[in-house]
Amino acid sequence: MKKSGFLEGTIIATLAIVITKIMGMLYVIPFYAMVGNKGSALYAYAYNIYIIFLDISSAGLPIAISKIIKEYNTLKMYDAKIRAYKIGKKIITFLSIAIFLILFIFAKTISSLILGDLSGGNTIEDVTFVIRAVSFAILVIPYLSISKGFLQGHNIINISSISQVLEQIARIVIILLGSYLALNIFHLSLRTTIGIAVFGACGGGIIAILYILSKMRKNKEELGFCSKFKKDKITDKEIAKKIITYAIPFIIIAIAASINNFMDMVMILRTLENMGLKTSTIEFATTAITTWSAKISMIVNSVALGMTTSLIPTIVEAYTLKKWDEVNKKVNKALQFILIICVPMCVGLSLLSKSVWTVFYGSNNIGSMIFSLHIFVSLFFNLFTITSSTLQALNKFKTVYKSTITGFITNMFLNVPLMYLFKYLGLAPYLGAIIATSIGYIVAFTIALQSLKKDHHLNYNDTIKTFGKILLPTIVMIIVVFLIKIIIPLPTTKITHILYIGFVSLIGGVTYLGISYKMGLLEHIFGNIYLNKIIKKLTFCKISL
């Protein structure tokens, strides 16, 4: 089984996540067209609740397993490594069953909490049904995550990445085919259709599990399952305690993020209702912020998610061996990687927000306005993810709690006041909720960066200088895009919008990358050897540095 280095692992994981997110973005186009605003809102209610309970059952354990496997491998504790994986599976099985039962039994109570007294749209019975339909995925996805964590702890990134793509393909097939058959062939209700769609998460998970387990069986000896190692002194109880200790911070962060999104949804619903907006506008604006803008933003978020897959094991290894220079180097490279990729992506998507929203969900001024601002939340989320993951890899759990909770409390306190402030200023009130979320993430990752600098003497001077340099190609790209938008009128059909996005993105992207290359930014961040390797692969060995 091929093992990957830090940067290579990052690229592989990021590409896999980008592919799955692109598929996740594209399936929304036909799905949204089939189920409409009401169906998409119902899907969003179930999906947001599912993510919260999925985080409770599994968010921290896969990363904890990855971290422990890397730690034991570095210390040559191979027997403890295998026992840690087996113990992790037992823990996840218990949690999955318990969380599934809670979600299934209390679905109606959760539905009432979401909708409150809101009428004229989806009913409590509708939301209850789809929450129960999606709850079956809780029995599958957590077990899959543990196996991924085990492989990632060995720096085996390609198999877990491929399983992710397979999972998404299977899920999308179930969503689109199931929805089409339910609505157009069997003429079932919209509630049943959305129930089938959300069940796709379970089906996709089953396919991915079968793939990963088959690969692990074929490579039992290499992974250490067939070998008889000398029993390490550490006991099963100590291993279980370590797994839980490592997992808890990740779980708290994931749950806090999901609850933050859920509370956003509820607070926006209630606040806009109090402001007297129409029910259709309230449901649309709320789900546009909490679900549908986030769907498109996934491609930006995938950069940090791919980065952490490779970052955590490498930082754990450096931390275990007390190589602080290596820790400093990895953290700065990760931050620079985020900035050089995400800054132009966010700016570009914001400038093309009207066309992007039209392609995915149809022409809607409210939707495109929300997305043009919401896309920048992804940049702050990525910086938060990297700094938080670094803290956890270094066992800085108290700081993790402090930064995460402070950031999300900031968001909660600012949500309603900012919405009323925006209304007072004559602006769309729901935009205030997006600003509140952004400020919350900024507060969280600032606390994390300060802690790393204070306790481990991390130096961010190189990253600050790199960010300053990134601004130049970004500004030039903005000017070029604005000139194109002035010269070429905005399209009117989806096909022409797609062509328009492709053309503007190509010109803007070439401008940004060309200037960045001339300034030496790409070589500085990726390194000459790996940059040359990427260019050769992209050009089929026709061009090299």
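So, is Ser353 buried or exposed? Keep in mind this is a predicted model. Ser353 comes out buried, because its relative accessible area is 9%, and the cut-off for buried is under 20%. In terms of where to look, Ser353 sits in helix α14, which covers residues 353-361. What does Ser353 touch, if we skip residues up to four places away in sequence? The answer is Ser368, Phe371 and Ser372. There's also a polar atom on the Ser353 side chain that lies 3.1 Å from the backbone oxygen of Ser350.

How many salt bridges does the structure hold? Seven, and I'll go through some of them.

Start with Arg83 and Asp236, whose side chains meet at 2.6 Å, N to O. This pair ties together distant parts of the chain: Arg83 belongs to helix α4 (residues 78-105) and Asp236 to helix α11 (residues 236-274), with the two 153 residues apart. Arg83 is buried at 11% relative accessible area, while Asp236 is partly exposed at 40%.

Next up, Asp126 and Arg191, another salt bridge, this one at 3.8 Å, N to O. Again we're linking distant parts of the chain, with Asp126 in helix α6 (residues 124-135), Arg191 in helix α9 (residues 190-218), and 65 residues separating them. If you're wondering about accessibility, Asp126 counts as buried at 14%, and Arg191 counts as partly exposed at 32%.

Then there's Lys330 with Glu326, where the N to O distance is 2.2 Å. Both residues of this pair are in helix α13, residues 324-351, and they're four residues apart, so about one turn of the helix. Lys330 is buried, with 13% relative accessible area. Glu326, at 29%, counts as partly exposed.

One more thing on the salt bridges. Some of them share partners, and that joins Asp79, Arg83 and Asp236 into one network.

Notes. Residues are numbered from 1 along each chain as its sequence is written. This is a predicted model: local features need pLDDT of at least 70, side-chain atom pairs count only at pLDDT 80 or more; totals for chains, interfaces and linings use all residues. Side-chain values use heavy atoms; hydrogens and water are left out. A salt bridge is a side-chain nitrogen of Lys or Arg within 4 Å of a carboxyl oxygen of Asp or Glu. Buried means under 20% relative accessible area, exposed over 50%, partly exposed in between (1.4 Å probe, protein chains only). A polar contact is a pair of N or O atoms within 3.5 Å; within protein, one must be able to donate a hydrogen and the other to accept it, and residues adjacent in sequence count only if both atoms are side-chain atoms. Contact means heavy atoms within 4.5 Å.
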